[in-house]
Amino acid sequence: MSRGTVIRRGFGALAVLAAVGALAAGVWRFGYLQALDGLAQRGEADLALAADRLTGQLQRYRDLAVLMAVHPALEAPEVARADRVLLHAADRTSVLNVISLGMDGTVQAAAHFPPSAAVAELLASDFVARAHEGALGVGHGIEPAIGTRAFYVAAPRFAPGGGVEGVLVVAVDVEALEREWRGDRPAVWFTDDGGMVFISNRSEILFWQSAEVGLRPEVGPVPAFRRDLSGDHELWLTDWGPYLPKAGLHLERELPQIGMMAEALVDVAPARRLAALQAAVVALVGLAVAALLFYAFDRRRVLAQANAMLETRVASRTAELSGANLMLRREVAERQEAEAALKRAQEDLVRAGKLSALGQMSAGISHELNQPLMAISQFAENGALYLERGKTDAAAGNLRRIAELAGRMGRIIRNLRAFARQENEPVRRIDVVAAVETALEMTEARLAKEGVRVDWVTPGRPVWAMGGEVRLGQVLVNLISNAADAMSGAAEKSLVVRVEQGTRTVIRVRDSGPGIDAPEKIFDPFYSTKEVGASEGMGLGLSISYGLVQSFGGDIRGRNAEGGGAEFSVELEPWRGEVAA
């Protein structure tokens, strides 16, 4: 790989990493905002639930103040009885104190009599002043008698004739209210009009008061925090201890019925984790896709290089194959020409073999024709004499003999014509017995002249096989003539011819000659057992016979017989029609 390729791939990898990083950052931002929306919805629900719980708890004490203001024991108060009623109510409801005040500021009855300083603070409060006006007043502060936070409810007590004749004040223990939901999530607090935290489920932020830059406790250092906006949401980044979130979503809700503001700080860590998980998944998928694309491009590049090399090799190989194909075509044309020449030569050799065989048979054929002709002449003369003498029966007998002799001469001439004919017909059904008898008839004169005893037992019926009639006759004449040549110097001359039927039809020709010196070469061209220069042949007869038998799907074999002499067998495919019958 070249240096330029490495640099390009490096820049490509950096670009992909930058793109995946930007995509992951965008997914993180989008997922974070989406998670903040869901977190804000849940936080609003939690804040509403906390506010409803507080207002619900305080509502019970408002009802208590209203009911106790019209209690009969307070109409014409007997101090001891009124004190017992108020103490009993305070004990049953777990409030800090229940006080009945007159319009002149005197304490008419109380569950626990407050000090004069505490009474003065009550009389100076806005909620008592509101009760003097005939309305229900609420407020909060520190209970002077015990120094704890209290929520006050002041209910007016009306005179029978109308007008306000007194005020009933109920001091509610705020810590008792907080005890039920302290430590719950999220962190919730309630601030008054001055921004001071008066009620909260986190005790460490009580009495902190809002300032322009943070929360300021009445005693101690100002806790540092930073406001941040993320979309439509306000985030507070704090370090206020283990029970308050480092980064929280700030929510607030007004509670005019108790004169406070409900606020909450919801931890945004789950939203950040969810957004980080989504970004990580997108980054992993992006890296995986980028890796696959890199692999695909690299694979494509490698394949392109391999394809180019392959095309070059294919082109080179195609050129070589084209040259080889041209050479093969030339060789095929030359072979076809050689085969055609060989076929022509073979045909010429067959014709030469036929002429040679006809030459060898010419003396015998001439004898076979001369004898019938001389007999015909004699029988004709005798027939004429018989007719002159009126011996018609004897003349008819001579005529019949003349007809028989003429038929024999015609048969000899037909066999000669068939032997000399060039057969071009396809393989067909032939009678093997008729072919054998024709060959024996054509060689009969020579065999008789040579003194050969012929042992031929006819099956008495046709034996059908697949072959060429003329070609098979030529082969049999050649085998019989070769047998006669082989037995020319033998004391006993015997020729055995048999036709056997089985899986294949076999014609066996066996002589009593000296046998075959080299059976494996007997069908080779120009192989001959005759003396060199002899006029009997050139050693092509059996080679031609082998080709003729092969041409119609047969086989020819030669071997030495067990009792002496040579045996040749011609095997032919039987005619299936006869087998099926």
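A residue counts as buried when its relative accessible area is under 20%, and as exposed when that area is over 50%. With that cut-off in hand, helix 11, which covers residues 541-551, has Leu542, Ser543, Ile544, Ser545, Leu548 and Val549 as its buried residues. Just after helix 11 comes Gly553, whose phi is positive, at about 80 degrees. The model described here is a predicted one.

**The chain as a whole**

The protein chain has twelve helices and 20 strands, and of its 581 residues 39% are buried. Its accessible surface comes to about 32700 Å², with 56% of that area belonging to carbon and sulfur atoms. Among the contacts between residues at least 6 apart in sequence, 60% join residues that are at least 24 apart.

In soluble globular proteins, nonpolar side chains tend to be buried together. In this chain the largest nonpolar core has 53 residues, and Phe190, Ile199 and Val268 are those with the most contacts inside it. Helix 1 gives the most to this core, with 15 residues. Apart from it lies another core, of 40 residues, which includes Ala435, Val452, Ile480 and Met487. When neighbours within four places in sequence are left aside, Ile199 is in contact with residues including Leu54, Val174, Trp181, Phe190, Leu206 and Met260, and also with the charged residues Arg149 and Glu178.

**The second largest pocket**

The second largest pocket holds about 430 Å³ of space. It is lined by 22 residues, of which Arg185, Pro186, Ala187, Arg202 and Asp267 are the closest to its centre. By class, the lining has eleven nonpolar, three polar and eight charged residues. Helix 1 (3-69), strand 13 (260-267) and helix 6 (269-388) each supply at least two lining residues, and the largest share, four residues, comes from helix 1.

Two of the residues named at the centre, Arg185 and Pro186, are joined by a cis peptide bond with an omega of about -5 degrees. Pro186 is placed in the loop between helix 5 (174-179) and strand 6 (187-191).

Definitions and conventions. Residues are numbered from 1 along each chain as its sequence is written. This is a predicted model: local features need pLDDT of at least 70, side-chain atom pairs count only at pLDDT 80 or more; totals for chains, interfaces and linings use all residues. Side-chain values use heavy atoms; hydrogens and water are left out. On a 1 Å grid over the protein atoms alone, a cavity is a set of points where a 1.4 Å probe fits but cannot get out, and a pocket is an open set with protein on both sides within 12 Å along at least five of seven lines; lining residues have an atom within 4 Å of a point. Grid points are joined across faces, edges and corners, and a volume is the space filled by probe spheres set on the points. Buried means under 20% relative accessible area, exposed over 50%, partly exposed in between (1.4 Å probe, protein chains only). Contact means heavy atoms within 4.5 Å. Accessible areas come from the Shrake-Rupley method with a 1.4 Å probe; for residues, only the protein chains shown count as cover. A nonpolar core is a set of buried Ala, Val, Leu, Ile, Met, Phe, Trp, Tyr and Cys residues joined through side-chain atoms within 4.5 Å.
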